[in-house]
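Hello,

Here is the structure I promised to pass on to you. Have a look at it first, and then read on for what I found in it.

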Amino acid sequence: MWNYIVRRLLYNIPVYLGIILILMALLRFGAADPAYTFLGKNADPGDLEKIRHQLGLDKPFFVQYVQFLWEVLTLNFEQESWGRPGRTVGEMLSTAYIPTLLITVPGLMITATISICVGLISAFNRGRLADRTLMVLAVVGMSVSFLVYIIVGQYYGAFQLKEWVGTEIFAIEGFDLEENGFIAGWLTYCALPVIISVIVAMGYDTRFYRAVMVEESSKDYMVTAKAKGAGRRKVMFVHMLKNAMIPIITRVMTTLPFLIVGSVLLEYYFNIPGMGNRLLGAIFDKDFPVIQAFTAIFAVVFILSNILTDVLYALVDPRVRLQ
Amino acid sequence: MWKPQRSIVVRALALSTALSLAPALTAAPTTDPGPGGKDLKVIQLPLRSDAPKTIDPGRGSTTYDNRACSMVYDTLLQYSYLQRDPFVLEPALLTKMPICAEDGVTWTFQLKKGIVFQDNDCFPGGKGRELVAEDVFYSWKRQADDATKAKSWWLYKDTIVGFDAYRDAQNAAAKAGGKFDYDVPVEGMKVIDDHNFQIVLTEPVYRFIWVLAMFQTSVVPREAVEHYGNRFSRNPVGTGPYMLDEWTDLGMSFVRNPTYREEFFPTNLQEGDDAIVAESSKGQRLPIIDRVEYTFYKKDQPMWLRFEEGTLGYTQVPAENYETAFNRRTKKLNSAYKRRGIVAADVPLLDFIFRQFNMQDELVGGYTPEKVALRRAIILATDFDEFNSSFYNDKVIVYDGMIPPGLDGHPNNEEHRAGPEYRGKNIALAKEYLAKAGYPNGEGLPKIDYYVANSANSPEQADLTARQLGEIGIELNVRMMDFSSLIEACDNKKAQFFSFAWSSDYPDAENNLALFYGPNQSPGSNHANYENEEFDRLYEQTRSMEPSAKRTEIYIRMRDMVLDHAAFAGSMARTRSYLIQPWLRNFKPTEQFYNWVKYLDVEESLRE
């Protein structure tokens, strides 16, 4: 297995170099000149050149590319952010991933758990009222925009709820895990965004898992299990679920890299100082060092999660061999 | 809502205790912060859309930077808080307004004595020292230093004798491996003694007086810049009313500067100010609030809800909440808000929102009657009133010319009109002009490239423009792009016809007229690439003139010259609506300057 992992890692080096190359080229040749953003409406032609020089944009592209790769290789993210003077890229990113993970990880776990259970129930009751009701709810849930959930959720779940009960259950916005302790802080500031993200993701995931379970339920081993007298619960949670693990792992693992990106909309509306918030700010500011560092990290996580997915396949399904 | 860390609150309380031990600080305090800070006056305010990027006046340029810098730093002059229409300057760090010699270029300044920088580790023993004349020049020289990455050199460019040459020489020396020497004197900057200095301008330029109130010219101590290096952006040390306490991604908080100079609430109340100003505030030592907490709101809904729940002292009214707050027909505040004691205030902005032609473009540019006729057809087919009702809740002022309401030279009649043929919608006349241009009903006219910066509703606005011009047979090729791409296209003179907005940097029409001054052509701010020798001559003449009837008359002539050449289609100026909590006192909203937080007060009995 270790041979396989090392080999996959080596194979991915050119892919990684290509990702960074494309990103840097797109930023430099496909987007507007950041010097204009930097100087604003009173940009002076002479100052534009100076700013390009100070930002290192006048260096040959290859030199910029190698310099950045060296920074990634040495994990040196000490370059000053262009958009937030006085802060390094490392500081910008290191303080942002925790708030994001506090939203996305519980969101993923809750969504996956509930969706798999609902998918199982739905598949087991295929064609019956319970199945049809659950699927109608899933489709309705999918059809409503994420933005609507956020706006309505923030209004009723935070503002109106406070008006009704007279005390703040969920905060309208903000992020503070210190004032009242971690648990209370998380419940106040993170629980509502998590609930919203779960509701939004449930529709998609439930339909997906149902489809997986339906496919499994028609296989011979299910008939055999039932014929041998296995109980309904055992058939569902032991036989069917175990055999459905490959698509479940695929689904969960492909989501994994996106956990660090966070949800831009959720973070914007709920004022959560996470990665999505920061990345979008960096894009608006044309803050190349932050965008590049973020993408470099994201690409690493993406590649690693792909490899990990393969490893997990082998662990849950003995028929899969890593070669 | 962003909340400061507990330790910060504790520090603030400790500070209030310290304040209570410093009776000299407040001449007539409304509350006496006792031990434990029971009576600490705290206020929460919003910062909408974005956050400050820096609290270094040398590097800042945005409204948000301005708001943060204005808390911590002082300028030589400041806007008189209660005086509007017209705005008036008054001394801040100076004892009196600067005196201009008869030559019109030599200005003499006298600093107030005893103004000290906030206590900070950068000073020996952590004790802030007195601000002296050298600090002023040092702060301005930072704008010349490439290492500062300053964005506001344009304020000084070609203005002070020898300053441009100093900039070039010092940056060249730094580039060659030497250093940017702040001790090298500049010919036009003369220190007389610690509290007196002179500036010699390259030519009489009246706008210089406005520059002295801009936050970019705030005074910073050299020790702090050298002590903090790149971190100075986040470690401000000024002489302003507040000190930075905490700055996170969600907000920033400031606490009262215990060594702030002696300044009192103004007594020159204007008409209507009695309803705004708390009786107890009159003549009170500034700042009044002990602690100010800003939250950054990138989205409007959370800001609006925080105001609704009574946390924020005021809010701008987002477009989507306009009809919640106001009756759409009467524009009056809805009774639900009136019952809560909330008051509304409209703030007219010094806006120039317009559609500009590239006067050097082969199709839409040029000065021949046919070319002017084409542009006039476009202008007359454009209905800004429809934009007003569709996108601005009928809250913008549609006007002729480039001079916004409130400034000398603005057409001050009821309809803001400068002439009968300057503005649409007049489809019949537009068609006539289009025929005069050689394109009857648009026949033979190629599609016009219309450049638009991508923002909230700009695609819809571009669609409306296309539909309106389509009525006379003109087709647009709409090109949406981000703002910097638009600027780049304008700088390269590639943008044929484009949507643009200009907010006046200071309340003088000179700032707007400069957009049509020949030497400012792209890549300068004259993106129309407008050329008119007579206009340029008058512009140069008015630059040295103080406000007067004669200057206003010249402004009007210049305005009408550009209107006659139909160099742009316009104009609109937004009015921003504010809602203010009943407990927030002394708030007279403006977006022209931002050092007004020191005047605010809260009436705790109403807040409870």
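Let's begin with two helices of chain B, α10(B) and α12(B), which are roughly antiparallel to each other. In this predicted model, helix α10 of chain B covers residues 369-381 and helix α12 of chain B covers residues 427-436; their axes come within 7 Å and cross at roughly 160°. Angles over 145 degrees count as roughly antiparallel, so that is why the pair α10(B) and α12(B) gets this description. The crossing of these two helices, α10(B) and α12(B), is left-handed.

Sorted by class, the contact of α10(B) with α12(B) has 10 nonpolar residues, three charged ones and no polar ones.

Chain A has a helix pair to set beside this. Helix α1 of chain A (residues 2-30) packs with helix α16 of chain A (residues 288-316) at an angle of about 155°, and their axes are 10 Å apart. That makes α1(A) and α16(A) roughly antiparallel too. Here, α1(A) passes α16(A) in a right-handed crossing. Among the residues that meet are A:Ile5, A:Leu9, A:Tyr16 and A:Leu23 in α1(A), with A:Phe288, A:Ile291, A:Ala299 and A:Ile307 in α16(A). The contact of α1(A) with α16(A) divides into 15 nonpolar, three polar and one charged residue.

Next, the place where the chains meet. How many residues of chain A are in contact with chain B? There are 37 residues of chain A in contact with 37 residues of chain B. On chain A, the helices α2 (34-39), α3 (45-54), α8 (146-165) and α14 (264-269) each supply at least two residues of the side that touches chain B. The most comes from α8(A), with five residues. By class, this side of chain A has 15 nonpolar, nine polar and 13 charged residues.

Now for the nonpolar cores. The largest one has 112 residues, and the members that touch the most others are A:Leu266, B:Val72, B:Phe254, B:Val292 and B:Leu600. Helix α10 of chain A (residues 191-217) gives the most to this core, with six residues. Leaving out residues up to four places away in sequence, B:Phe254 touches B:Met71, B:Tyr242, B:Met243, B:Leu244, B:Asp245 and B:Val292. Another core, of 87 residues, lies apart from the largest one; B:Ile353, B:Leu407, B:Tyr433 and B:Ala489 are among its members.

A:Tyr149 is in helix α8 of chain A. Is A:Tyr149 buried or partly exposed? With 19 C-beta neighbours inside 10 Å, A:Tyr149 counts as partly exposed, because a residue is buried if 20 or more lie within that distance. Not counting residues up to four places away in sequence, A:Tyr149 touches A:Val144, A:Ile196, A:Ile199 and A:Val200.

The other residue, A:Gln64, is found in helix α4 of chain A (residues 61-73). A:Gln64 has 18 C-beta neighbours inside 10 Å, so A:Gln64 counts as partly exposed. Beyond its neighbours within four places in sequence, A:Gln64 is in contact with A:Met24, A:Gly56 and A:Lys59. From A:Gln64 to A:Gly107 there are 43 residues in sequence and 38 Å in space, C-alpha to C-alpha.

Enjoy exploring!

Terms used. Residues are numbered from 1 along each chain as its sequence is written. Chains are lettered from A and ligands numbered from 1 in the order in which they are written. This is a predicted model: local features need pLDDT of at least 70, side-chain atom pairs count only at pLDDT 80 or more; totals for chains, interfaces and linings use all residues. Two residues are in contact if their C-beta atoms, placed from the backbone, lie within 7 Å. Helices (H or I, at least four residues) and strands (E, at least two) are DSSP runs, numbered from the N terminus. Ala, Val, Leu, Ile, Met, Phe, Trp, Tyr, Cys and Pro count as nonpolar, Asp, Glu, Lys and Arg as charged, and the others, Gly among them, as polar. Axes are lines fitted to C-alpha atoms, for helices over the stretch in contact, and angles run from 0 to 180 degrees between N-to-C directions. Angles under 35 degrees count as roughly parallel, over 145 as roughly antiparallel, 65 to 115 as roughly perpendicular and the rest as oblique. A crossing is left-handed if the near helix is turned anticlockwise from the far one by less than a right angle, and right-handed if clockwise. A nonpolar core is a set of buried Ala, Val, Leu, Ile, Met, Phe, Trp, Tyr and Cys residues joined through C-beta atoms within 7 Å. A residue is buried if 20 or more other C-beta atoms lie within 10 Å of its own, exposed if 12 or fewer, and partly exposed in between; C-beta atoms are placed from the backbone.
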